[in-house]
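The sequence and the structure come before the discussion.

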Amino acid sequence: MEKGNLTATRELVLLGLPGSSAHPHVLATLFLCMYLVAVLGNTLMVLAVRSDSRLHSPMYLLLGHLAFVDVCFVSTTVPKMAVNLLTGTSTIALAGCLAQLFFFISFVNMDSLLLCAMAYDRYVAICHPLRYAALVSPRFCLRLVAGLWALAGLHALLHTLLMARLSFCASNVIRHFFCDLHPLLQLSCSDVSLNVLVILSVGAPLALTPLTGILTSYGLILCTVLKLTSARGKQRAFSTCSGHLSLVVLFYSSATAVYFSPASPHTPEGDALSAAVYAVVTPMLNPFLYSLRNREVKVALQKVLCEPLSAATATQDGR
């Protein structure tokens, strides 16, 4: 069904990724494997932070929250896409599409806000180490995370309610693998000027402010590190920031390709591929980027993985 008032039928069609119709089962298997790696890796990260008292510092508390958000983030889009590929159906109810839009905006906002909070944590730890305990306490982090959740949820709710008032009668085909703002606005036959105004006046500042905070934090960190005379001190400072900085570059480079690049070279296919990077690949790589060069996280992950095996072995020996 290509024409008609879709507010009455309440059904949309997700085209998926470019080329997904040629090898749907292969693509579904690939993304399910990436999804399982992302969920397993980030769940282990959450368990490691919760179970190891050495990781109860603000930096790791923020990392644990980021891992939890990434589990939710990747679960918003991949399962539905995989089901569509495996079953050959590509429809989604309008209510389901709006729900997916709400959760997607919430989690992508939380990702960027948490990345900014982690950059501030590294800035205080490196540039003001003597004041770190006073400026960044666990209680402060919990209050900060609660505030970020409220901000992300209210922002997502605003866009979702504005989208729900629109009529979709131009087409029911979304050239994407999930319900995002821009593809949905292109389908509407209503006046979308208010939606665009809110995106520019509220959405853009909320997206750019964390990025500005990250760049400012790392600029100040770089200035401080360059003043250090100890080569070991410089290496340690860069080592503590490398995982976070890698994630920031991956997340914002792919997001920028979708939302902030010039309009002329934009194509729905290119946007879908770029969105797959920050919506699927980034959450999958998060645990690896933080654990490969972090000894404390490695030890905590080994503890989480080995304790159940040790308990099972002890039980069998007792029998």
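In this predicted model, Asp52 and Arg54 form a salt bridge, with 3.0 Å between the closest N and O atoms.

The structure holds 2 salt bridges. Another pairing is that of Arg122 with Asp121, whose side chains meet at 2.8 Å, N to O. Both Arg122 and Asp121 are buried. As a general point, side chains of opposite charge can pair when their charged atoms come close.

The sheet comes next. Three strands make up an open sheet in the order E2-E1-E3, and their pairing is mixed. Strand E2, residues 91–93, and strand E3, residues 173–174, are the edge strands; each has a single partner strand, so one side of each has no neighbour in the sheet. Strand E1 spans residues 11–14 and runs parallel to E3, to which 2 bridges join it. Within this part of the sheet, Leu14 lies opposite Ile174 of E3.

Helix H4, made up of residues 94–127, packs on the sheet and touches E1, E2 and E3. The direction of H4 makes about 85° with that of E2.

Terms used:
Residues numbered from 1 in each chain as written. Predicted model: local features only at pLDDT ≥ 70, side-chain atom pairs only at ≥ 80, totals over all residues. Heavy atoms only, no water. Salt bridge = Lys/Arg side-chain N within 4 Å of Asp/Glu carboxyl O. Buried < 20%, exposed > 50% of the residue type's maximum accessible area, 1.4 Å probe, protein only. Pairing = 2+ DSSP bridges. Helix = DSSP H or I, 4+ residues; strand = E, 2+ residues; numbered from the N terminus. Contact = heavy atoms within 4.5 Å. Axes fitted to C-alpha atoms, helices over the stretch in contact; angles between N-to-C directions.
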